[in-house]
Amino acid sequence: MTEPIRSQLIAVEVNGERHERDVEARRLLVHFLRDDLDLTGTHVGCDTGNCGACTVLVDGVAIKSCMMLAVQADGSSIQTVEGLAPDGELHPLQQAFTSFHALQCGYCTPGMLMSAKHLLDHNPEPTEAEIRRAIQGNICRCTGYVNIVEAIAAAAKGGGA
Amino acid sequence: MKLEGERRFDAPRETVWNILQDPAQMAAIMPGVESFDVEDDRHWKANVKIPLGLGSLKMSINFEKLEEEQPEFSKLNAKGTGVGALMNLVTQFRLSEADGGTAMAWEADVKIAGPVGSMGQRVLQPIVNQQVQLVLSALDAQVAKAEGGGASTKGAEEGRSPLEEESYSADQ
Amino acid sequence: MLLAEVEYARPTSVDDAVRLLGAHDGARPLAGGQTLTNVMKARAAAPDVLVDLNKLEELRAISRSSDGLELGAMVTLAELVRSSEVAEARPILAEVAAKIADVQVRNRGTIGGNICSNDPTNHLPPVVSALGATMTVRGADGERTVPVDEFFLGVYMTAVAPGELLTSITVPAGSGADGFASIPIGRDGTCIVNAAASIADGQARIALGCVAATPVLLTTAPEEAAVREAVRGAKLDPPSDVHASAEYRRHLAEIVAVRAVQEAAS
Amino acid sequence: MSETTVTPDRPITVEETETAPGFIGVNVPRKEDRRLVQGEGVFVDDVKRHGMAYVHFVRSPYAHAAITRIDVSKAVALEGVYGTLLGEEVAAETDPFFQIAPPPAGELKDYALAVGKVRHVGEPVVAVAAATRELARDAADLVEVDYEPLEAVVDTEHAADPGVAQLHDEAPSNTIWQGNFDYGDYDAALAEADKVVRIKRLHFHRFSSTPLETSGAVVEYNRGTGQWTIHSNNQFPGFAIIMMGPALKVGMDKLRFVSQDIGGGFGNKICTHVQLVALCLLARKLKRAVNWTEWRTDQHTANSHGNERVFLDVEVPVRSDGTMLGFKARMIDDCGAFTRYEPLGCIIWAQVTPGVYRWRNVRVDFSQVCTNKSPCGPNRGYSRMQHLWFTERVIDIVAEQLGLDPVEIRKRNYIRADEMPYETPNGCVYDSGDYARCLDDALKLIDYGSIETRRRDAESRGKLLGVGIGSTLDSGTNNFGQSTIVNPELQFSGNNEVATVKLDIFGEIVVTLGTTPQGQSHETTAAQVVADLLQVEPDDVTVRAGHDSYWNSHAGFSGTYASQFAVTGLGAVKGATEMLREEILKIGAAVLGAESTEEVELGGGFVKRKDNPEAALPFMACGAIVNANNAVLPLELRDITLNCRYVYVPPHQLPDTERKYGNLTLTYANQIHACVVEVDPETGVYDIVDYGAVDDCGIRINPQIVEGQVQGATAQSIGAATHETFVYDEDGNLLTPNFYDYHVPHALDMPPMKTSSVESASPFTPLGAKGMGEGGGAGLSAVAAALQNALQGAGRPIVTSSSNPYHRVWELLQNPDESRSLVSVDER
């Protein structure tokens, strides 16, 4: 038997580190990450679930953290952009994004990287069409996506550097 | 958003008119009415919780009777305020005797402002249509009921909530 | 934006979920949350209690039976895309699911949620309509099945009553003659009009989306002229919005109907 | 100098050389990226302060209404709510914002919150501050506001008609500004013409670049000093301070602007001074830092939109050989509910009066009206984009009407390379460029020669194929003197930007800019310039991230806007670095015992004697001596600081306000784009199947960065041409307030994009570079032209709107004669 609660103590592992926090049921995961855990790399770009700037991996699956409640993440393992280069050595995707000038303002970049990571985790050799489909839920207003697509393709081929 | 239509009732005009000019009976045919207060014979107030599937939309609505030509024409303004939505409804109807029954020509102009009005644009029209259908069906039922047992406004006159089914059925 | 205060429960059995939904006035099931959360952010809807279905493993099954394909309501759109059972039994479901929104949304969004929200722009309501699916709904009084023709009642409204839960969708085994066509804004934006079609015994069963509060079902011979005639005969009164006038939508409905039937026939 | 480069295989790696590296013109990797790809950027909502309050604005649901009652008692009673701010407090504590418009329209009152009346949906009415974002929103829902709705004015063309409701009681009408522009001899041109093409109406729609990061700020108030620190993503602090100081009745130094990373701006973040004033008042009132982060819906509903414009009664005198002699038109610009940066748009378009054409006779009646829609402000391509779309529509409509080839008529009318620098009829000077050559290159990119074959192939698939060209300009480095043409009382002219370059005690080279980049890679390109001048590597150069007005490295026009960094910003960097180089050489010469600085040179982080490279002084020693060991220096070198601040000031002059004549900008980058579309005639649905972009912005400091900007600007103009539009209903409700209904290009929407460039160095700028960030909106023109071309086999409709979503294309297909009835030709 479960009864409704207004707030709850949750435990999550974020980028390998365990956190316990009491959160209101209504708090969205993205605000939990940004405001409660100070992981401000994950961004908010819209309020309708369209832009993908808040994309993170929950148990390895790319989701938009503005459409998930923090309480729903209880017990899960989350990876955010801050976890891509834990030792300061850039992930091949991060390296490729810089080599191919796949970012300008950098605001969409964390979400874009997480979507790209999800793609390459499941499909190490994507075609251009597959790359575009993988990031169709991530809006970029600076680049026209040209270099983002190239960067992901290069990272897949191990040519990020 | 402008809507209009014609409705036929197998009941005398008097019967239909009595229902439509009676706030208490109107309250019974509106969707999701939680409370209803008659301020005077031209002004009423309702708190509604319109069920919309994903959750209900709460609104408080002020009604004002703008024109009335007994027993055939009436015009009403309803202004609703709720979180994220403002509604302005102007509706009117004209009753005429037709083939032993009553014909009702009605019009409604609904404006929804606020975030819900902007964001829900693509779904508002079907939702409004559907609510109108619900109201009209309820009106049919109310007319049929009145025909069966004679219309009554007693519930409201005696200050009882028109929402309590008993206030009608007890008399019928 | 931000949700209004809400209570939250995460049952681990369907029975408990149904109990919670029945026990609290204003309780809403929370499936993938890809629609509901956004509506709540806008505070256009404010359920009092969210009953999270994500721990209900029993609603995540995909199985084939003599009746066809049974899909748990909490099967995600991504699972639908990947499922070998779906690919074998009714691949149209996977093909259409792959067109819904984007990867992240498909990873969370569920078939049950997509169907129950019945937003007119959703793809799956017309698809399950055309396929003649049956919905299994559980409430305090037990389980009942609802044929899809009686399932959709309005925008965001279905035959699932307060206190009830859609648990599974049964899609009959088909010949594979299914098709779908849509016109979104851009390559993958909000849908303007869509149609699903399924041909069996020389008859095309067509469901049109985005043209009314619920999918509009038509049954006709699959020849183009007959399909056009059937759509015209339906005297559609679609809504107008910034993307399409009623007239344009009516016109597109005819075209997507033809295209869906052509795809089904090919 | 002029050189074509074809898109190289990326990435280009820097070649290691023993000698002077030469970083200008090289694709140096960006310095900004390392932090941004790790999520370690600092955007405004990342800034936190102890006890910070979150602010939510209660906004108007009505387009036009009187406010009859405001009651915040229930909101304030909610636990966790710190307080509210109302319009009446704003009116009591601030002065209305300074108006650029001359009286009488300039008398209108614009405050940080609505005072007495609301004028557009989404206008902030009350600000609520609370302990969390959620609570602020909850409290906002408890604020009660009663309105008396008024008639909404939404139709641009008829906003100033008699009898229409008036937005601003202090202004006599809804007309904000009107002016007649008359250049050359239009009447003579008309008399000389063989044919006159008339167009009744063209419409340029509302949209905005919608930066992915919305506007926001964290504002702190220091009660002891009376100074505010404003962490924000405002992209033009110089303008914001000019607006805010007088409103708040404080000196400019009381307003410290700070930003690090900004998530896109595109002009849309220039006019946030309005909200910033409300936040300043709240921070002072509540005695705590306040955070405001705009929601996306609010960004669409109430941030600055791009100007909407109608072009009426257009008349184009043409010779029978296709030479166009100029044009006449009545233009009405719609700035929305408030003026803010307007009516500057009423003159900005004149920077490109004849577009890329040799049109010598121009007569324009230009006016601007206010309407009950979101206020407008600069938006990538500000005011010129509207006008350039108009010139391109004119040329394609004339070509269509007279049966002329769109390529030939362009070449016949383009300003020629040998005419550069070219003075336009209104006194602007186009610095350099070769438009015909760029057009040839663009046509090559889309394989123009094969178009007819591809057209037939498309036809065989039931599709209509069309090709279109957009030729536009991006005028950069404003002469703010043009503001005096809209209001001769204004005291603004010229332009400036600042850079400070220092050599510090441990030999660190540090650059401080006055700009507020939002993705334009200023840290990288500044380092390239410094590295070349000081003969070091870009990695040896630290460029401070972002902007802080307390760094004292800014001037009145500092900011990042209007396509100018490569000229003003890098001009300042160059100036400051040259000063620093001179100082380093002096120190080096003195320490190394040289007679003069002529005998020493820089290399590898050393000052070296030319005659003996072994005699070398490391930069670190220079820095240490000047900063910490200066008694060793001879007295005459004691004024050396190795901390050099330089203000770049372009050579602008005051325009002639009577004739509305003068050089309004310094540089003119050009964009010649070609686009191929395929239309499904059954549905009006279309795809862009090929796209070629040739841009010329003079010398490119970092080609990869330039190309990135070209791709981005092109994506934005394609988005605007296809699905991005702010549509209002008759009551002034915005119907596209989010990314569901305002569809911006996704990765799948973008066509294959081919780019190449021509480099026509600017003779007027420090590095031969031109500003190019805005682009000219060439995609808008190219898509419109391609659609018109595709539909030539379907009743030949004329494309008269810049917004062409599917339903509009279908309407053109359904009723081509309706659009054709808007154009006609008079034979002479």
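**Contacts, cores and salt bridges**

A: Among the contacts in chain B with a separation of 6 or more (a contact means heavy atoms within 4.5 Å), 47% are between residues 24 or more positions apart. This is a predicted model, in which local features need pLDDT of at least 70 and side-chain atom pairs count only at pLDDT 80 or more, while totals for chains, interfaces and linings use all residues; side-chain values use heavy atoms, with hydrogens and water left out. Residues are numbered from 1 along each chain as its sequence is written, and chains are lettered from A and ligands numbered from 1 in the order in which they are written.

Chain B holds six helices and seven strands, where helices (H or I, at least four residues) and strands (E, at least two) are DSSP runs numbered from the N terminus. Read from that end, the elements of chain B follow the order β-α-α-β-β-β-β-β-β-α-α-α-α. Chain B has 172 residues, of which 48% count as buried; buried means under 20% relative accessible area, exposed means over 50%, and partly exposed lies in between (1.4 Å probe, protein chains only).

Now to the place where chain A touches chain D. Chain A gives 50 residues to this contact and chain D gives 54 residues. Together the two chains bury about 4,600 Å², with 53% of that area on carbon and sulfur atoms; buried area is the accessible area (1.4 Å probe) that two parts lose on being put together, summed over both. Of the area that chain A buries against chain D, 17% comes from His101(A), Gln104(A) and Arg141(A), more than from any other three residues.

The rule finds seven salt bridges across the interface of chain A and chain D, a salt bridge being a side-chain nitrogen of Lys or Arg within 4 Å of a carboxyl oxygen of Asp or Glu. Side chains of opposite charge can pair when their charged atoms come close. The pair Asp38(A) and Lys48(D) is joined by a salt bridge, at 2.4 Å from N to O. Polar contacts are counted separately: each is a pair of N or O atoms within 3.5 Å, and within protein one must be able to donate a hydrogen and the other to accept it, with residues adjacent in sequence counting only if both atoms are side-chain atoms. Between chain A and chain D there are 26 residue pairs in polar contact, both residues at pLDDT 80 or more. On the side of chain A that touches chain D, the elements giving two or more residues are α1 (29-36), α2 (92-99), α3 (109-122), α4 (128-134) and α5 (146-156) of chain A. The largest share, four residues, is that of α2(A). By class, this side of chain A has 20 nonpolar, 19 polar and 11 charged residues, where Ala, Val, Leu, Ile, Met, Phe, Trp, Tyr, Cys and Pro count as nonpolar, Asp, Glu, Lys and Arg as charged, and the others, Gly among them, as polar.

Next come the nonpolar cores, each a set of buried Ala, Val, Leu, Ile, Met, Phe, Trp, Tyr and Cys residues joined through side-chain atoms within 4.5 Å. The largest has 248 residues, and those with the most contacts inside it are Phe97(A), Tyr145(A), Ile152(A), Leu208(C) and Met244(D). A second, separate core has 83 residues, including Ile10(A) and Val143(B).

Over all chains, the count of salt bridges comes to 98. One of them joins Glu254(C) and Arg232(C), whose closest N and O atoms are 2.8 Å apart. This pair links distant parts of the chain, since Glu254(C) is in helix α10 (residues 246-265) of chain C and Arg232(C) is in helix α9 (residues 224-233) of chain C, 22 residues apart. Glu254(C) counts as buried because its relative accessible area is 9%, whereas Arg232(C), at 48%, counts as partly exposed.

In chain D, Asp321(D) forms a salt bridge with Arg412(D), with the closest N and O atoms 3.5 Å apart. Here too distant parts of the chain are linked: Asp321(D) is in the loop between β14 (308-318) and β15 (326-334), Arg412(D) is in helix α11 (residues 406-413), and they are 91 residues apart. Both are partly exposed, Asp321(D) at 38% and Arg412(D) at 41%. In α11(D), the buried residues include Val407(D) and Ile409(D).
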